Amino acid sequence: MRAVEFQEYGGPEVLRIVEAPTPEPGPGQVTIDGVWAGVNFADVKARANGYRVASLPHRPGLDVSGRIRAVGEGVEGLRAGQEVAALVDGGGYAEVVLAEAATVFPLPDGLDLRTAATLPTVLPTAHALVHEVGRLRAGESVLVHGAAGGIGTAVGQLARAAGAGAVYGVASSDAKADYALKHGYDEVFRPDTFETDVRRATGGRGVDLVLDPVGGDTLRRGLEALAVFGRLVSFGNAGGAEPWRAGQDELYAQGRSVGGFSALALAQSAPDALRALTERALRTVCDGAVVLPVTAEFPLSDAADAHQLIGGRTSTGKLLLRITD
């Protein structure tokens, strides 16, 4: 089978198409004949600096959709030929993907494979940020960094559907801001001025919820943009800076709180909770509350071009690799 791997860290050019043995499922696993694979910034970080890479060579890819090829011992509720989406901890850029059955999700009626490939990391994460961890209540305000990305696109719509009083975004260009404004956002700010802009937009009050995938100094500044009793949820460290930590001095005075979320970490620590979360999140697509646009797609052999686009920080929405025609 064909797969995309890298044997050293570096730019997009280190990605190579290889011929690899076709995997067989072990107990509690399935194999999937891949049709589409999602491209995430986490894949770029893995290739560039070894983020979540246990050893080389490494095969990137966290999202995949396709049809179950074979089912391992002890797997229930899944069968060969079934159309599914899956969250995998690497390995999605391949014609056949090995997945833990606990993170493989049969597609509801009306959900096609192309759309399904946009969902496994993005949608449960967005749902958790708004509901399970962020606990957004009707009438509250939210500020979302990376508003034009895949997660930001979903969060804007979910926050609006949850009755948010105001949905503010942060984006790095006019083009990204225009895109975000079409997906649930009331106003979009620039990264270097967002605290001032938040205070202006809220009459000095601040926002009730900040969602931050950047980390570092951006997280610290996000705390300063919170209202009294506000919450901040960290869901990444895309900036690559040394993680900034909040303690009693930053939180006690105004009753603020900090939470965190990672779909991959939840998959390892509490797969049943991830499954329930994903099922809730999928319903928002099926009922039309969330639409995740695919803004670019590439054949599997052009994975380097997809990485070039997403790594350049100019992409919006979701990028996909087409594994089979």
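A charge is said to sit over a ring if NZ of Lys or CZ of Arg is within 6 Å of the ring centre and within 35 degrees of the ring normal. Keep that in mind as you look at this predicted model, and find arginine 114: it lies over the face of tryptophan 36, at 5.7 Å from the ring centre. There's another case to look up, where the charged end of lysine 45 sits over the ring of tyrosine 51, 4.4 Å from the ring's centre.

Now for rings that meet rings. To describe a pair of aromatic rings, you give the distance of the centres and the angle of the planes. The count here comes to 2 aromatic pairs. Phenylalanine 6 and tyrosine 9 make a tilted one, with 6.0 Å from centre to centre and 55° between the planes. Are these two partners buried or exposed? Phenylalanine 6 counts as buried because its relative accessibility is 0%, under the 20% cut-off. Tyrosine 9 has a relative accessible area of 37%, so it is partly exposed.

Next, follow the strands. Strand S3 (residues 29-39) pairs with strand S4 (residues 63-71) in the antiparallel sense, over 7 bridges.

Let's move on to helix H6 (residues 194-201). Its buried residues are Phe194, Glu195, Asp197 and Val198. If you look down the axis of H6, they fall within an arc of 165°, so they line one face of the helix. What covers the buried residues of H6? The cover includes strand S8 (141-145), strand S9 (166-170), strand S10 (187-189), strand S11 (207-212) and helix H7 (216-224). After H6 comes glycine 203, which has a positive phi, near 65°.

Finally, head inside. In soluble globular proteins, nonpolar side chains tend to be buried together. The largest nonpolar core in this model has 50 residues, and those with the most contacts inside it are Leu123, Val142, Val155, Tyr185 and Leu211. Helix H3 (residues 122-132) gives the largest share of this core, 6 residues. Apart from this core lies another one, of 37 residues, and Ala3, Phe6, Val96 and Ala306 are among them.

Technical notes: Residues are numbered from 1 along each chain as its sequence is written. This is a predicted model: local features need pLDDT of at least 70, side-chain atom pairs count only at pLDDT 80 or more; totals for chains, interfaces and linings use all residues. Side-chain values use heavy atoms; hydrogens and water are left out. Two strands pair if DSSP finds at least two bridges between them. Helices (H or I, at least four residues) and strands (E, at least two) are DSSP runs, numbered from the N terminus. Rings of Phe, Tyr and Trp (its six-membered ring) pair if their centres lie within 6.5 Å; planes under 30 degrees apart count as stacked, over 60 as edge-to-face and the rest as tilted. Buried means under 20% relative accessible area, exposed over 50%, partly exposed in between (1.4 Å probe, protein chains only). The arc is that of the directions from the helix axis to the C-beta atoms. Contact means heavy atoms within 4.5 Å. A nonpolar core is a set of buried Ala, Val, Leu, Ile, Met, Phe, Trp, Tyr and Cys residues joined through side-chain atoms within 4.5 Å.
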